[in-house]
Amino acid sequence: MESEAPVVLLVEPFYGGSHKQLIDLLNANIDNCSVFTLPAKKWHWKARTSALHFSQTIPTCPSYRVLFSSSVLNLCELVALRPDLAHLKKVLYFHENQLVYPVRKHQDRDFQYGYNQVLSCLVSDVVVFNSCFNMDSFLSSISSFMKTIPDHRPRDLDQLIRPKCVVLSYPVQFPDVSSVCRISAELQDDSSLPPVFLSSFSHVNVSDPEQTHTVLLPKHKLDCRWVKISPDHQHTLSSEEFSSEEQGSRQSTSKTRTDQKLVPKGDSEDHMKPLHIVWPHRWEHDKNPELFFSTLLKLKDKQLHFHVSVLGETFTDVPEIFLEARRLLDSHILNWGFQSNKEDYLRVLCQADVVVSTAKHEFFGVAMLEAVHCGCFPLCPKALVYPEIFPAEYLYSTPEQLFKRLQELCRRPDVARRHILKVDTSSFSWTSLKQRFETLLAGGGP
């Protein structure tokens, strides 16, 4: 049986990380796709030269209707080199934008990368950003960015681009955290568990007490019971913590009660076991590892007990701070370095108590959402994309605030372990976003 002719052309010049995950996800779930990629190496060269490469490798195909690419591609060059692609619906997806991407020194910013993105927007039909922060920071920076041009500067480019722009979150395939600890019989039999608690375990059939399941979460994140607490308790739950959509989708048989909360059974163990802090980010300067490690060293100087796992990918130039931090924090380290096996990575996230971001640049933050999905208490800067995703109680404004929050949690790790997270990760899932991507790539608007 012959396969159908391709309709959607997926192009990715930097096929790695979240860029790769998105292309793979679309290719697996959208009908009639044709994929062309380049390895995720030497980003700067891919941004400069990939259009020429693809102009020679993408075959002429009359059935194409949509071209989808990340903003690493100079789309303007590609459609100029390949006029047969110009008539397609051209969708440009911004994982990040180069107008506000942090550089260590102002003179280090290469004008060409941001300029290429602006040109690509001008020839696109739809410009998609993974967050409002990404879109707003890009559009608001175009005017000042173009002032770098010494004379004959273009004007009002943001007004030409803005009508094409939409925000469509990066679709995360949240893991089914399975295969380590068994859900207790009490947990399975307890129909009063709130929808938000079960949202990470959609595979669990709580109505079948005979059924056994395994989950990756450790016992302190699972072995929980509903207990009565006074209405004026500072951690009292309100019905607002659970969205009506979540409640409906889980078809809970009991209403959310404002006089109850989840409390781990192992109180003494939760209080005594050192806080486990995880940092699951790329080992690069824009993630500000200097702030993270300086904060941990302050905790060490205070003789506070904690464990740390430093994950994330490494590239050619690893900041020197990592070598120094490994030496100075050796007795606190549980895991160090990239976890090539996905299950090993998830296991660490599930065992951790707190996930920290110290980023100077973040347009979405998949790693933070994955960690929250695995039950970690998040601490993020009150800047960048984070206020768009995380409630105020998870945000810090200064390095001093970050230190203070971690100091408190080191002294009372049970607070993080008992906390009911108020982040709805389901809205960023592929399940929630699939229809919008299907519409986007079918020729309609998102």
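This is a predicted model: local features need pLDDT of at least 70, side-chain atom pairs count only at pLDDT 80 or more; totals for chains, interfaces and linings use all residues.
Q: Where is K42 found, and where is N288 found?
A: K42 lies in the loop between strand 2 (33-39) and helix 2 (43-57). N288 lies in the loop between strand 11 (275-279) and helix 12 (289-301).

Q: Is K42 buried or exposed? And N288, buried or exposed?
A: Compare the relative accessible area with the cut-offs: under 20% is buried and over 50% is exposed. K42 has 65%, so this residue is exposed. N288 has 15%, so this one counts as buried.

Q: How many aromatic pairs does a search of the whole structure find?
A: The search finds 23. One of them joins W283 and F322, whose ring centres are 4.2 Å apart with planes at 5°. Planes under 30 degrees apart count as stacked, so this pair is stacked.

Q: Which parts of the chain does that pair link?
A: Distant ones: W283 sits in the loop between strand 11 and helix 12, while F322 is in helix 13 (residues 321-328), 39 residues apart. W283 is buried at 6% relative accessibility, and F322 is buried at 2%.

Q: Why is the pair of W430 and F437 called tilted?
A: Their planes are at 45°, with the centres 5.8 Å apart, so the pair is tilted. Both of these residues, W430 and F437, are buried.

Q: Which residues form one aromatic cluster with W283 and F322?
A: W279, F292, F293 and W336 form the cluster together with those two.

Conventions. Residues are numbered from 1 along each chain as its sequence is written. Side-chain values use heavy atoms; hydrogens and water are left out. Helices (H or I, at least four residues) and strands (E, at least two) are DSSP runs, numbered from the N terminus. Buried means under 20% relative accessible area, exposed over 50%, partly exposed in between (1.4 Å probe, protein chains only). Rings of Phe, Tyr and Trp (its six-membered ring) pair if their centres lie within 6.5 Å; planes under 30 degrees apart count as stacked, over 60 as edge-to-face and the rest as tilted.
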